[in-house]
Amino acid sequence: MNNLRRLRMFMSCLNNRRLHTAKYVLDAENRQLYEDIFPSICIKEINELWKKPPQCVYAGFDPTAESLHIGNLLILINLLHWQRCGHQVIILLGGATAMIGDPSFRTTERADIEQIVVKENLRCIENDIKNILANHESYFCKNINRMIPIKILNNLEWYNNMNILSFIKEIGKYFRMGAMLGRASVQSRLHSETGMSFTEFSYPVFQGYDWLHLQRNYNCKFQVGGQDQMGNIVAGYDLVTRYIKKQVYGLTLPLITAEGGKKFGKSTGNAVWLSPLKSSSFQLYQYFIRTYDSDIEKFLHLFTFLPTEQIKIIIENHFKNPELRRAQKILAEKVTLLVHGEEGLVAAKRASAILYDKSIESLARVSADELVHVLEGATIVDVLAQPGVSVYELAMKAKCFKTESDARRIISAGGFYINYQQTTNTEEVIVPGIHILSNNVTLLRVGKKTYYIVRWL
């Protein structure tokens, strides 16, 4: 029996499992939540485990940046599926492992992170996670019975006072050099110009010990991670099964990639962040609005809690008029509501209306600072409000043109817009209520894409 068939049988067991603690069934096979499972295990054993909730599952997040990104969001949503089924979920923050650095899928060693930076990153990430958990409970759990609260732990708690000699002697002997050297991430680095330090080489030992600690203290049998974490998950499996001789299971999720198939994340510089301080709700909303039709069904399964039958209907309706992007709008709304709450969703939809509907009403509802997030690259200009200012004078005050002749020529030729309206009369007077909106903002545009946001003082 191959691994794919085992995986499908395993997920089928989950589908048939109905828990007394929640009116929710994890339809894992139809949702295609998992990419792989380790090891090849007895289906009957897994089915029996799921009949005895709560099982304990964990996933780890290293605070190597001040925010998580949407690749991490996929894992968080998967953990919420477990919680909705009545299981115990642990979110492990890597206060210790962040200072070592995971070498998986990296061509160079991570830069050292100061402990004070790790501490601040931990605080920010924990706040973001707690916001997501609170939004999940507020907006997505109306038909779910009382769930077991998710535990948020920091692995620095058990490494802080650990004796290094005892750790090496007690734990190190369970890791075989042949297996560690055979990992793809290690091999690629060993043959590179930079090589690999012992610090990064030791990372799987620490992640493996995390699982051992959680198994001993919380009876944690399951670990969930991205597809790129399979090597670390296997290392943890080997340690737990050898050290305490108890069966545990690893599950990997599909790797979410950016355009061109590149890994999506902070190290590749293309991340959409979960923190509103790093990525606005509009940016998150727009990322999912731009989902390809070829990916939309998969993303609805992975990033929402919608029943599979409802997703099927959404997809059928979507492809009747795909240009309307109905499915993408539903996906974007659900994800934005989970990450940023109702206020963030309203702001994202309002900003989207500015970008696409181009209505003066939408423009008047936002501040100049909010407009900057919508119109990337736009320049904010403060202008003192004075009576009798002409279109030409405003354009020059806002520094829309390099020279006076350029201003008169381009405006007269129809290449200048005020609040989306084409303006060709250079001597037209700027009037409050028409040119100056109720939010004291005027949006200027030169050509097709160059925006200037005037903030009237």
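## N135 in helix α5

N135 sits in helix α5, which spans residues 115-139. The model is a predicted one. N135 is buried, because its relative accessible area is 12% and the cut-off for buried is under 20%.

Which residues does N135 touch, beyond those up to four places away in sequence? They are F140, L337, L338, V339, H340 and G341.

## Helix α5 against helix α16

Helix α16 covers residues 326-356. The axes of α5 and α16 come within 8 Å. They cross at roughly 80 degrees. The two helices are therefore roughly perpendicular, as angles of 65 to 115 degrees count as such.

From α5, the contact uses N131, I132, N135, H136 and Y139. From α16, it uses L337, L338, V339, H340, G341 and E342. How do the residues of this contact divide by type? There are 5 nonpolar, 5 polar and 1 charged. N135 is part of this contact, and N135 is also buried.

## Helix α4 against helix α16

Helix α4 runs over residues 70-84. It packs with α16 at an angle of about 90 degrees. The axes lie 13 Å apart. So α4 and α16 are roughly perpendicular to each other.

On the α4 side, the meeting residues are L73, I77 and L80. On the α16 side, they are V335, L338 and V339. The residues of this contact comprise 6 nonpolar, no polar and no charged. L338 and V339 of α16 take part here. L338 and V339 also belong to the contact with α5.

## Nonpolar cores

The largest nonpolar core has 61 residues. Which of them have the most contacts inside it? These are L73, I91, F288, L300 and F303. L73 also meets α16 as part of α4.

Leaving aside neighbours within four places in sequence, F303 contacts I70, L73, L74, I77, I256, F288, L331 and V335. Among these partners, L73 and F288 are also named for the most contacts inside the core.

A second core is separate and has 30 residues. It includes Y58, V205, L212 and I233.

## The buried side of helix α15

Helix α15 spans residues 308-318. Its buried residues include T308, I311, I314, I315 and H318. Why do they lie on the same side of α15? They cover an arc of only 110 degrees around the axis, and this puts them on the same side.

Note on methods:
Residues numbered from 1 in each chain as written. Predicted model: local features only at pLDDT ≥ 70, side-chain atom pairs only at ≥ 80, totals over all residues. Heavy atoms only, no water. Helix = DSSP H or I, 4+ residues; strand = E, 2+ residues; numbered from the N terminus. Buried < 20%, exposed > 50% of the residue type's maximum accessible area, 1.4 Å probe, protein only. Contact = heavy atoms within 4.5 Å. Axes fitted to C-alpha atoms, helices over the stretch in contact; angles between N-to-C directions. Parallel < 35°, antiparallel > 145°, perpendicular 65-115°, else oblique. Nonpolar A, V, L, I, M, F, W, Y, C, P; charged D, E, K, R; others polar. Core = buried A, V, L, I, M, F, W, Y, C linked by side-chain atoms within 4.5 Å. Arc of directions from axis to C-beta.
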